[in-house]
Amino acid sequence: MKKYDPHAIEVRWQSFWERKGYFKVTEDRTKKKYYLLEMYPYPSGKIHMGHVRNYAIGDVVARYKRMSGFNVLHPMGWDAFGMPAENAAIENNTHPAKWTYENIDYMRAQLQRMGFSYDWDRELATCRAEYYCWEQLIFLKMFKKGLAYKKKTYVNWCELCQTVLANEQVVDGCCWRHLDQEVVLKEMDSWFLKITDYARELLEYCDRLPGWPEKVLTMQRNWIGESHGAIIRFPVVDADHVIEVFTTRQDTVFGATFLCFAPEHPLVKELTKGSDKEEEVAEFVEKTLKVDTFMRTADFAVKEGVFTGRYCLNPLTEEEMPIYVANFVLYEYGTGAIMAVPTHDQRDFEFAKKYGLPLRIVIRPEDRELTEEEMTEAYIDEGILVNSGPFNGMPNMEALERIADYLESKGMGKREVSFRLKDWGISRQRYWGAPIPVIYCPQCGVVPVPEDQLPVLLPLDLELKEGGRSPLPYEASFYETKCPCCGELARRETDTMDTFVESSWYFDRFASPRYENGPFDKEKVAYWMPVDQYIGGIEHAILHLLYSRFYTKVLREMGYLDIDEPFTNLLTQGMVCKETFRCREHGYLYPEEIKEGRCIDCGKDAEIGGSVKMSKSTKNVIDPQKLIDRYGADTVRMFCLFASPPERDLEWSDEGVEGAWRFLNRVWRLVVENRELLSNGKPYDGIQPLSPDLRDIQRKTHQTIKKVTEDIEERFHFNTAISAIMELFNTINQFLNNNREISEVARSVIREAVDTMVILLHPVVPHITEELWEILGHSQSLATVSWPPYREEALEKESCLVVIQVNGKVRSRMEVPVSLNEKEIQDQALRDKRVQHFIGEKEIKRVIVVQKKLVNLVV
């Protein structure tokens, strides 16, 4: 018997598919298109099991859709610029370009070895000039539309990354790439993209994405953060400045007794300049900005501040209010300044008590009085306005609108909708990125690079400075240039773009990756976009997905796209996790560090420690290549798809991998051992009558087609689809083991069942199924075979199981032909010997027959 040799089989069929070009695709308007895309990887090292799982999920869908008659686009590329690749290059003491291109070659070979059905002719890498030249063009068009601008601001700075981070890249006060590295605020000039201009549309369109997980949409809605309220203007005493404050509680404005700035608010320096408070305030600001945002604003954090020495006027009470700088006020929320109402905000209450600031109650409960002297905490519930001038006696919720009207009529403020979302800072002080195409001229100011001079090339012959610092600001051959307006000596921008800029439009470029007259061919991108199914990790719910939606809307307004959203359906797959143990001396251990329940280093007992995500940082990754070398790609694919539904975490199990390997060997043996019998079988003609066991096999075959089709099409539950195929295998195997003499009609039914099993398995394990398909005598590759339909008539049962109850208790069961009517079922139930025993001589008062499933006898 020919032995299952996955390595020989897989290499053979991968070469065959490539030679035939089965996965290359062009626009075909006679077919319905299907664009399937997994989030492309950083080429910072080898692929890991998270990659394998993600891409295996996508490959099942791509192959299924292709077999279902769709024109499938399934591309792959590389998110090649940015910190992941650069940091890895630094760690390995090599140039980022060399490191990146070598990794691309290695990872491409790994993906090809997994048998993923990519159209490799469309491969792109964002670090190539033919890609980022169009990124620079889009930036210039955004600059001319006022969507790209530069300003001096406080930015998030990671010392390890030596660069700025966007707000979305700060996690609990730490760098998203170095979760133990505290982020500090640093003042510098930075480039921003005006994503806030699209905040309203981004929020509204969250309701128009039914194919997205609600969890992701909720995260995006919360990040955009719409708030309805009012802008109130507080004039500064003895100055021409007016401080604008955004509040959602204009009903409490009569109770505002002081005002607080965020430490980085630009007016802080201006109002204290030259005063005796300047040094004290500056020291407080510097100290506060070293503390991460989470710690500053947490409920348990101590509320601290410093008096600026200046006052402003409450526009409604006309009273002077002291101006403070407070640690709990965030510059990114509202205007970066708040009116403090200590009697009706707990945070303000604690601050006022600490610094001896006045309290004024303006809302009291309907059933009791409040006094400032007796308050131990802020009153934050609804109530009736007091001490609020013409609004006294009004319910506070009703007063929200009335006070907003009053502010607008008096020119003291206006209604306002504020968003938590802030403009996207894209400047990075790193080398390995797309240069920002801007020139600084002493005479002309900020000048965009002319479009006909693009791309501004990143020089690849430079070495990184000490600590990974960018060499671009020190390399005259890069930064020295001439102003395109006046011809005088000028200087290039030496910052590069955030890597999320590249990933915000790469899916569009896949439609025409070799197009040389623009970012993409409009006709081709109109055919393929939007992406029908996007697959990636939940960790990108805010960053990448939100930026991609923003870029799509910008490109639409530029005339490049005709769509509003980039991804019709989104699947966020779970993580790959690994079980851990805990040793009291050595901490967390992995299974390979345990022997007979004890730590291999110290010999002490190890306890169960829970599961953790596989990642390079925790050094618990499983190298897919080792598994491929031992079991083959199909086994690895099958384990990843069978072990868990895709949206849930996958718990790594060596036993699970072994189980997948054993099952594929059983399938192999079934086909090879019965090769002669199966190859001689002819398709069942549907005329000859079938015995009950053959009828069961035929029914199981079509039930399996239906189940697998629905699991892939509707739910992406590949684990239950595989389970159904395993049941079909067991049915076939049992019949073959129990029947030595097999008739012609039996051969036909079994042949149909085996063919179906192999076809249904193909998207999951494409190599072994191609080999088995050929062994079965087929000349056509499974890559071009159509997905089988199920026949409704084949699903119908000839008999059904009916439960018989006596006075509500189950007393017997019987198999009856489905053709019987209710009266015939009732009569047969009454003839049942067990039922007759329980009835005896008792009178039958009533017989209830329920949908040919249940007979209940009431006696």
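This is a predicted model: local features need pLDDT of at least 70, side-chain atom pairs count only at pLDDT 80 or more; totals for chains, interfaces and linings use all residues.
The structure holds 55 salt bridges, and I've picked a few. Asp532 and Lys33 make one of them, with their closest N and O atoms 2.7 Å apart. That pair links distant parts of the chain: Asp532 sits in strand S26 and Lys33 in strand S1, 499 residues apart. Are these two buried or exposed? Asp532 is buried, at 16% relative accessible area, and Lys33 is buried too, at 14%.

Now take Glu658 and Arg630, whose side chains meet in a salt bridge at 3.4 Å, N to O. Glu658 belongs to helix H20 and Arg630 to helix H18, so this bridge ties together parts that lie 28 residues apart in sequence. Here Glu658 is partly exposed, with 23% relative accessible area, while Arg630 counts as exposed at 57%.

Arg791 is in the loop between helices H25 and H26, Glu752 is in helix H24, and they're 39 residues apart. Arg791 is partly exposed, at 32%.

Since we've landed on H24, let's stay there a moment. How many of its 18 residues are buried? It's 17, so the helix is largely enclosed by the rest of the structure. As for its length, H24 runs from residue 744 to 761, and at 1.5 Å a residue it should span 26 Å. Its end C-alpha atoms are 26 Å apart, which agrees.

Some salt bridges also join up into a network, and one such network links Glu201, Arg549, Lys553, Arg556, Glu557, Asp564 and Glu565. Over in helix H17, which covers residues 543-557, we find Tyr551. That tyrosine counts as buried, at 2% relative accessibility.

Last stop, the surface. Which residues form the negative patch? They're Glu278, Glu279, Glu283 and Glu286. Glu286 is in helix H9, residues 278-288, and it's exposed at 52%.

There's a nonpolar patch as well, made by Val291, Met295 and Phe300, with about 280 Å² of accessible area together. Phe300 is in the loop between helix H10 and strand S13, and at 59% relative accessibility it counts as exposed.

Terms used. Residues are numbered from 1 along each chain as its sequence is written. Side-chain values use heavy atoms; hydrogens and water are left out. Patches are made of residues with over 30% relative accessible area and no salt bridge: like charges are joined within 9 Å, nonpolar side chains (Val, Leu, Ile, Met, Phe, Trp, Tyr) within 5 Å. Accessible areas come from the Shrake-Rupley method with a 1.4 Å probe; for residues, only the protein chains shown count as cover. A salt bridge is a side-chain nitrogen of Lys or Arg within 4 Å of a carboxyl oxygen of Asp or Glu. Lys and Arg count as positive and Asp and Glu as negative; His and the chain ends are not counted. The place of a charge is taken as NZ of Lys, CZ of Arg, CG of Asp or CD of Glu. Helices (H or I, at least four residues) and strands (E, at least two) are DSSP runs, numbered from the N terminus. Buried means under 20% relative accessible area, exposed over 50%, partly exposed in between (1.4 Å probe, protein chains only). The expected span of a helix is 1.5 Å times one less than its number of residues.
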